[in-house]
Amino acid sequence: MPEDQAGSTPGNGYKLRAEQLGVIFARDGNHIAALEGISLDIKDGEFICVVGPSGCGKSTLLNAMGGFLSPTTGSVTIDGQPVTGPDRRRILVFQERGVFPWLTVEGNIGFGLSELPRAEREQRIAHYVQLVRLQGFERAYPSDLSGGMRQRLQVARALAVNPDVLLLDEPFGALDSITRVIMRSELLRIWQTERRTIVFVTHDIDEAVQLADRVVVLSSRPARIQEILTIDIPHPRHISSPRYLELRDELLKQIGLAFEI
Amino acid sequence: MSDLKSPRAWERIFWPVAAALLLLCVWHYAVVLTATKVFPSPLNVEKAIAELIHKHLLWADIEDSLRRVAVGYIAAALVGIPIGLSLGWFPEAHQVVNPVLQLMRPISPIAWIPVAIVFFGVGDPAAIFLVFLASFFPIVVACAAGVASVPVLYRRAGRNLGLSNFALLRKIVFPAALPQILIGLRIALGVAWLVVVAGEMIAVDSGLGYLVIDSRNSGKRYDLVLAAMLMIGVIGLILDLAFRQLEKLKSVRWGFRHAA
């Protein structure tokens, strides 16, 4: 159910902006800089992937964008409004265990919709059940679903509250590699129908090149933006095309990995 | 347990029954061989149960015991669940109360019997108070631990989807902690049943516990003692099995390993 909320965007055409974003954690009296000077402009409806060495602060960036932690310096704004706390307009999707095991598929998708009139709520649940292809599992509990189905459910629950921005924190990281490939094309299909702005953290280079409009490469801690790579291949992308391999190699080089094992 | 096959249906019934019969045989011949005059054989106990039923004593005692457990236990749940949930929800409060809680918890409810009698005199309220105390602590501790161990991801997802504090407690924290709360309630019910028998031996003059002690005191009727003990065991088992049915509810089943 795409709703055009871009009309409220003041002038600049960017959905989400991070300006000189810095996060410093205080732990045992030590100050650990997690993020430093992150400036990033994300257009409405853009698909951004964030990659970087493990532990570099990718999730921290996502949490700051979601309003789950307040930055030490700088700011995050969405539609020109500063992000000060969690909000339904931007939903964070976790790697696993994100769905509520005590609720059915329907209950999970309808979780954020309790203030809607019954008929509308049911209609919206049905819409998203169909979108993530969980028809026939409406009454099933998460424990009866496969890992891939659970992640689809989590995405459906996030989309159901009609957010502007989806923040995905390695959402397919716990899935087997075949399911992961299927989930990527599912997510692309959903993104193409619903056109939300997506920030997708991953540690999988191929995932980034297959999905993103732009890939943000973070350096090791404290994370700075090392490079922003535009993936100029239209969907559907052929993963053996020369341009794909070129961009993939470029990304590997950026992260500092060898091409031969 | 070395083979991977699960036992066949008839084996799952046959072997436990065989073990029980063997135990009864050992008991029977031990009584016969030692020619004891005091200790009853299984047959004597069976006759004693028949006698109790015939005199309509058993049902009255069972009813009294169950009533005391029901009142004390339900009161403990009504008071203990909100307190436990609050303690889990407010870690500061938990820090303040926890030392007292941990001090009170290992005190056997039986040690409270004199206190109960001072407070309430000999009678129903004293026994109910003991049941209340015995169930209260496991319930509080299970609720507090259950709430405290709700994965932070669930709370975050709830806040992200727009829940305020109270709604978060009601719609996320409580259902997420429910399996652990149920475990606490089940433990509490078991303890309550243990304690009511002990309490009835001293603080009242009816119930299965009183039946045990009265049968011994008035004429050393050990056949009645064992009959009462057997009933206590059977009823305790039924209570536990009945409670376990709750764990099969779909909305909590995820929290119990055996149903995975």
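Q: Before we dig in, what makes a residue buried, exposed or partly exposed here?
A: A residue is buried if 20 or more other C-beta atoms lie within 10 Å of its own, exposed if 12 or fewer, and partly exposed in between. Keep in mind that this is a predicted model.

Q: Got it. So how does Asp79(A) count?
A: Asp79(A) counts as partly exposed, because it has 18 C-beta neighbours inside 10 Å. It sits in the loop between β4 (73–78) and β5 (81–82) of chain A. Its phi is positive, about 50°, although Asp79(A) is not a glycine.

Q: And Asp28(A), buried or exposed?
A: Asp28(A) is exposed, since 5 other C-beta atoms lie within 10 Å. You'll find it in the loop between β1 (14–27) and β2 (30–43) of chain A. Phi of Asp28(A) is positive too, near 50°.

Q: Switching to prolines: which residue is joined to Pro222(A) by a cis peptide bond?
A: That's Arg221(A), with omega about -5°. Pro222(A) is in the loop between β9 (214–218) and β10 (225–230) of chain A. There is also a cis peptide bond between His235(A) and Pro236(A), where omega is about -10°. Pro236(A) belongs to the loop between β10 and α7 (242–255) of chain A.

Q: Nice. What about helices α4 and α5 of chain A, at what angle do they pack?
A: Helix α4 (residues 147–160) and helix α5 (residues 177–194) of chain A pack at about 20°, with their axes 10 Å apart. Angles under 35 degrees count as roughly parallel, so α4(A) is roughly parallel to α5(A). The crossing is right-handed.

Q: Which residues meet there?
A: From α4(A) the list includes Gly147(A), Arg152(A) and Leu159(A), and from α5(A) it includes Thr179(A), Met183(A) and Glu194(A). By class, this contact has 5 nonpolar, 4 polar and 3 charged residues.

Q: Over to chain B. How many helices and strands?
A: Chain B has 11 helices and 0 strands. Buried residues are 37% of its 260 residues, and its C-alpha atoms fill a box of roughly 75 × 60 × 30 Å along the principal axes.

Q: How far does α1(B) reach?
A: Helix α1 (residues 9–34) of chain B spans 38 Å from first C-alpha to last, close to the 38 Å expected for its 26 residues. It is hardly covered, with a count of 0 buried residues. After α1(B) comes Ala35(B), which has a positive phi near 50°.

Q: Last one: how many residues of the two chains are in contact?
A: 16 residues of chain A are in contact with 17 of chain B. The chain A side has 11 nonpolar, 3 polar and 2 charged residues.

Conventions. Residues numbered from 1 in each chain as written. Chains lettered and ligands numbered in written order. Predicted model: local features only at pLDDT ≥ 70, side-chain atom pairs only at ≥ 80, totals over all residues. Contact = placed C-beta atoms within 7 Å. Nonpolar A, V, L, I, M, F, W, Y, C, P; charged D, E, K, R; others polar. Helix = DSSP H or I, 4+ residues; strand = E, 2+ residues; numbered from the N terminus. Expected span 1.5 Å × (residues − 1). Axes fitted to C-alpha atoms, helices over the stretch in contact; angles between N-to-C directions. Parallel < 35°, antiparallel > 145°, perpendicular 65-115°, else oblique. Left-handed = near helix turned anticlockwise from the far one by under 90°.
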